[in-house]
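Welcome! Here is a short tour of a model, taken one region at a time.

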Amino acid sequence: MSKEQRLSEIIAEHQSREGPLMPILHDVQAEFGCVDADSERIIAAGLNLSRAEVHGVVSFYHDFHGEPDARPVVQICRAEACKSRGVEALIADAEAAAGTRVKLATVYCLGLCSVGPNARIGDDLHARLDSDRLKKLIETV
Amino acid sequence: MTLVRISDDALARACGADALAAAFEQHGCTVHRVSSWGMQWLEPLVEIDGKGFGPATLDDVAAILDGTSDLAIGVIEDHPFIAKQQRLTFARAGKTRPTSLEDYAATGGWNGLKRAREIGPEQIVEEVLHSGLRGRGGAGFPAGIKWRTVAAAPGSQKYIVANADEGDSATFADRMVMEGDPYALIEGMAIAGQAVGADQGYVYLRSEYPDAIAKMNRALELCADIIAPFQCEVRVGAGAYVCGEETSLLNSLEGKRGEVRAKPPLPALEGLFGKPTVVNNILTLAAVPHILGQGGANDYEALGMGRSKGTMPIQLAGNIKHGGLYETAFGITLGELVNDIGGGTQSGRPVKAVQVGGPLGAYLHPDQFDIKFDYEEYTASEALIGHGGITVFDDSADMGGMARFAMEFCAAESCGKCTPCRIGSVRGVEIIDRMRAGRKRDTLERQPQMHNTPKQDRSAEDEVTLLADLCDVMKSSSLCALGGFTPYPVLSAMRHWPEDFSDNPDSVRNALDRVGT
Ligand SMILES: Cc1cc2nc3c(=O)[nH]c(=O)nc-3n(C[C@H](O)[C@H](O)[C@H](O)COP(=O)(O)O)c2cc1C
Ligand code: SF4
Ligand code: FES
């Protein structure tokens, strides 16, 4: 199936819902790893919006990306409670372990604030990290 | 066969609960995955015949089963952390399987909704008003008044929106409700729908909570017939903190940029798609089934202090020995929470600072530990309860760095609508960097076309004055609390720990006095 066909399917699936744009963008991001300019154009046409409106939404939210990134992602929480539990001291080692192969992303709070430092890979959460455990997560992702 | 209970809450799972549950099954036990008791330092907590063992690892399984484990904490319900709480919203925590309709009904589930349907809209609003329930999302607005407004608003289409954006660091009570007792939230929403005449609900749930999303979807599927004609669905956020602000949230639900709307119009009158809308926090809605139970409103009203009625699920987080969920009546002091219940810092070092109310909340000094948990008392101390999250820092914390982070966070999460927040936060980061590193001003500021910047470098004291001034502007002229409250953590850190900002702490104190903020 071409990308265009798949996009039309996703749009059709949500079109009749109230406020369909966010659910569509989530599905597109999950499926293609990004919401690129082409997708924006097709979604805009499908929902009778301008491309600017769709781009405005895509660019507003941290979860949507304009370009694909093939690297695996490790999200590390760097909000206050995890800072108080020492996450900042892990960052240098984590960056070294990530190198150019893994993308480290910052997230503000995973809701596990008494057992930090915490990280998220896909839908899996990891708590009580120290430098070794975080490095191992990054190396094996 | 031995019945073992282990939580399937996201935190327990992140600490290894799934593998542990599998190991007990391999040992021939029946494992029930239940909600979490909220004693998070003990997760994964294993419960057998009411007795607890934690934090358990795979290596502990055999010893727990043959009764020789040194992780035993005795009867869980008698543990002081649990026994001293007054759990209303979290009455089922640790006791039921989250998506089991059987468990929910067996523990009084749906009684509130049943009664609500009998007594009708006006009486529901009356009871919520009488209970004194205030919004738990931060602003503390009386829930009954909001509902009454929506009920009285003209229009056939109205909405109930549950705000599950829970972006504040140190908060996880909403998550625990959704993962541990999802039907309580759904019942609360259905009651709200009954009260105001809305038949459609949305749960706006942050994307950082994959477990909660899955549980809520499952629960909604299973109870659709029970709540009908009320319908409800989950909508997933997309990583924007500001979408917890109610009007930004509504824009996001509509498929727009999450920009904050000016009020009026109030969402109660013109909310989602311009229709009258109740936006309530998860804890607010989850408190409702109890209140609507027989005599619930009176019970609720009898707890608490002043105008802060009922109980608050307080979240103990950060560098704290006994972190977790502590639901208790308003009025408890911060010192009791941090020292007596929380056991002080996890690191064993002295407490330096406590942030209450998430990233927009003030940093409190141990000298202020007798402050009582009460909306008005916190406001009077230039602090806020917010969503009830408490982050403890030990003496290794760098409060200048935390103040800088407050500004950095505001810059990263600002919706961009108003200047004091969008640009002020960036300037705030720069000023704090200059104060701390003694850096010279940007070359940009020295350009001849920057007419109104001073020609000389600022003295350390000038920088502090500038920062205090900036905070004053952000406080008084931001559209929402993101820009408007970011000064709280910054100013409180400056006031209590000036030495973390400058080699000359007196200059910080003097400047704060001069600006008077
Ligand atoms: C920047 C910002 C973030 C907010 N985040 C949340 C949130 O995550 N959850 C929430 O319930 N309320 C949040 N609020 C408060 C909401 O605007 C609103 O007051 C609340 O959802 C109303 O529900 P309540 O009356 O039940 O508290 C936030 C407010 C601001 C200004
Ligand atoms: S204060 Fe910040 S987040 Fe709030 S409306 Fe203004 S720019 Fe947006
Ligand atoms: S602050 Fe890191 S999980 Fe909440």
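## Where the chains meet

Chain B and chain A together bury about 3,700 Å², with 54% of that on carbon and sulfur atoms; buried area is the accessible area (1.4 Å probe) that two parts lose on being put together, summed over both. Of the area that chain B buries against chain A, B:Ala238, B:Arg257 and B:Phe405 supply 16%, more than any other three residues. Chain B brings 66 residues to the contact and chain A brings 37 residues (contact means heavy atoms within 4.5 Å).

Between chain B and chain A the count is 1 salt bridge, that is, a side-chain nitrogen of Lys or Arg within 4 Å of a carboxyl oxygen of Asp or Glu. B:Glu233 forms a salt bridge with A:Arg17, and their closest N and O atoms are 2.4 Å apart.

## How to read the model

This is a predicted model, where local features need pLDDT of at least 70 and side-chain atom pairs count only at pLDDT 80 or more, while totals for chains, interfaces and linings use all residues. Residues are numbered from 1 along each chain as its sequence is written, chains are lettered from A and ligands numbered from 1 in the order in which they are written, and side-chain values use heavy atoms, leaving out hydrogens and water.

## Around ligand 2

Ligand 2 is surrounded by 13 residues, the closest being B:Cys415, B:Lys417, B:Cys418, B:Cys421 and B:Cys480 (a residue is near if one of its heavy atoms lies within 4 Å). B:Cys421 counts as buried at 5% relative accessibility, and B:Cys480 is buried at 16%; buried means under 20% relative accessible area (1.4 Å probe, protein chains only).

Notes
Buried < 20%, exposed > 50% of the residue type's maximum accessible area, 1.4 Å probe, protein only.
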